[in-house]
Amino acid sequence: MEITDMNRLFLVFSILTVTVVTTIIVIPTPTQVKLAQQFNQMSIETAPTFLVFLNSEYEPCLGTLIHKQWVLTAAHCFLPFLEINVAASKENFQNKMGNLRPTFIVQHPDFTRDSAEHDLMLIKLNHPVELKDQVKLVVLPNTTNDRRGEKCTVSGWGWEWRNFNPEPDIQINQTVFWFSNDDCQESLVRQIPIKITENMFCAGSSLENTHSCKELDAVPILCQNQLHGILSWSAGCILKGDIGYYTKVSRYTDWIHKVIHSN
């Protein structure tokens with residue numbers, strides 16, 4: 001009789017245990033809720049005003065203002081029929097600002113389409129951008145040291161799910177962590193199709209998640225208010241904190257200054 005009672009008790013305990021586990025899986029974690037709120041929240045007033053919208057018939061990308069007349073972006077964003085607009089607010093995408101056009105485009109000489117390394121490109125504007133409260137420059141890094149473990153900020157623009165307009169309508173600043181390349185390559189949710197070199201680094205809010213969304217490419221990542229990376233590749237959604245691989249800008253500051261000063 002005691003054995004039977006124990007078996008019944010064990011069965012009841014097992015059912016309760018399964019029920020508890022199932023409930024935990026169904027309820028989203030606070031981190032998931034926060035990420036969802038961040039992605040669905042308009043943030044026009046706090047928009048990073050160093051961003052430039054690079055639009056073309058091929059693929060829209062972001063550029064980053066590093067000089068009154070120079071924009072830094074990814075070399076894979078080489079865009080024909082390029083239109084340029086300062087991404088200071090949602091309205092600016094409809095009201096083209098300053099009639100900006102490219103006069104000179106320089107891809108890094110070592111960049112090739114079959115690799116994510118050296119994925120940088122400089123664009124010279126047809127006239128200097130007027131700097132004011134809505135438009136500022138970003139600072140290049142002053143050290144080549146890694147920022148592993150530090151918090152950084154990814155800034156970009158994307159589309160809400162039901163928006164089919166060519167211009168993005170939501171701006172997000174996403175806090176991420178600078179991970180080691182080994183950690184990112186060993187993540188179970190990623191199959192990395194590219195070779196990661198010392199000229200690149202990875203960052204994200206988690207190594208465990210992956211999302212889908214529609215966002216502009218070549219987003220910048222700032223650590224301690226300095227531009228440390230330009231997005232080269234990602235399989236997820238950067239603005240939701242997924243892992244992205246960035247060109248390490250500190251490795252290319254000499255090339256950047258040389259191009260600007262000689263042109």
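Tutor: A salt bridge here is a side-chain nitrogen of Lys or Arg within 4 Å of a carboxyl oxygen of Asp or Glu. Keep in mind that this is a predicted model. In general, side chains of opposite charge can pair when their charged atoms come close. The structure holds 4 salt bridges.

Start at Asp-146. One partner is Arg-148, with the closest N and O atoms 3.3 Å apart. Arg-148 has 56% relative accessibility, so this residue counts as exposed. Asp-146 has a relative accessible area of 34% and is therefore partly exposed.

Now the other contact of Asp-146. Its side chain also meets that of Lys-248 in a salt bridge, at 2.9 Å from N to O. This pair links distant parts of the chain. Lys-248 lies in strand E12, while Asp-146 is in the loop between E6 and E7. They are 102 residues apart. Is Lys-248 buried or exposed? The cut-off for buried is under 20% relative accessible area. Lys-248 has 4%, so Lys-248 is buried.

Another bridge joins Glu-150 and Arg-147, at 3.5 Å from N to O. Glu-150 is partly exposed because its relative accessibility is 24%. Arg-147 has a relative accessible area of 12% and is therefore buried. As for the network, salt bridges that share partners join Asp-146, Arg-148 and Lys-248 into one.

The structure holds 3 of them. Cys-152 and Cys-223 form one, with sulfur atoms 2.0 Å apart. The torsion about their S-S bond is about 100°, so this disulfide is right-handed. Cys-152 belongs to strand E7 (residues 151-158) and Cys-223 to strand E10 (residues 220-223). The two are 71 residues apart and link distant parts of the chain. Both Cys-152 and Cys-223 are buried.

Cys-213 is joined to Cys-237 by another disulfide, S to S 2.0 Å. Its torsion is about 95°, so the disulfide of Cys-213 and Cys-237 is right-handed. Each of these cysteines sits in a loop. Cys-213 is in the loop between strand E9 (200-204) and E10. Cys-237 is in the loop between strand E11 (226-233) and strand E12 (244-248). Recall that Lys-248 lies in strand E12. What about burial? Cys-213 has a relative accessible area of 21%, so Cys-213 is partly exposed. Cys-237 stands at 0%, so Cys-237 counts as buried.

Cys-61 and Cys-77 make a further disulfide, their sulfur atoms 2.1 Å apart. Here the torsion is about -80°, so the disulfide is left-handed. Cys-61 is in strand E2, and Cys-77 is in the loop between E3 and E4. These two are 16 residues apart. Cys-61 is buried because its relative accessibility is 0%. Cys-77 has 1%, so Cys-77 is buried.

Strand E2 brings us to a sheet. Its 6 strands run in the order E4-E1-E2-E3-E6-E5. The sheet is open, and the pairing is antiparallel. Strand E4 (83-86) and strand E5 (102-107) stand at the edges, each with a single partner strand, so one side of each has no neighbour in the sheet. Neighbouring strands are turned by 30° against each other on average, direction ignored.

Look at one pairing. Strand E3 (residues 70-73) and strand E6 (residues 121-125) run antiparallel to each other over 4 bridges. Trp-70 stands opposite Lys-124 in E6. Helix H5 (residues 253-262) packs on the sheet. That helix touches strands E2 (61-67), E3, E5 and E6, and its direction makes about 25° with that of E6.

Last, the whole protein. The secondary structure comes to 5 helices and 12 strands. Of the 263 residues, 49% count as buried. Among contacts between residues at least 6 apart in sequence, 69% join residues at least 24 apart. The accessible surface is about 14,100 Å², and 54% of this belongs to carbon and sulfur atoms.

Note on methods
Residues are numbered from 1 along each chain as its sequence is written. This is a predicted model: local features need pLDDT of at least 70, side-chain atom pairs count only at pLDDT 80 or more; totals for chains, interfaces and linings use all residues. Side-chain values use heavy atoms; hydrogens and water are left out. Two strands pair if DSSP finds at least two bridges between them. Axes are lines fitted to C-alpha atoms, for helices over the stretch in contact, and angles run from 0 to 180 degrees between N-to-C directions. Contact means heavy atoms within 4.5 Å. A disulfide is a pair of cysteine sulfur atoms within 2.5 Å. Buried means under 20% relative accessible area, exposed over 50%, partly exposed in between (1.4 Å probe, protein chains only). Accessible areas come from the Shrake-Rupley method with a 1.4 Å probe; for residues, only the protein chains shown count as cover.
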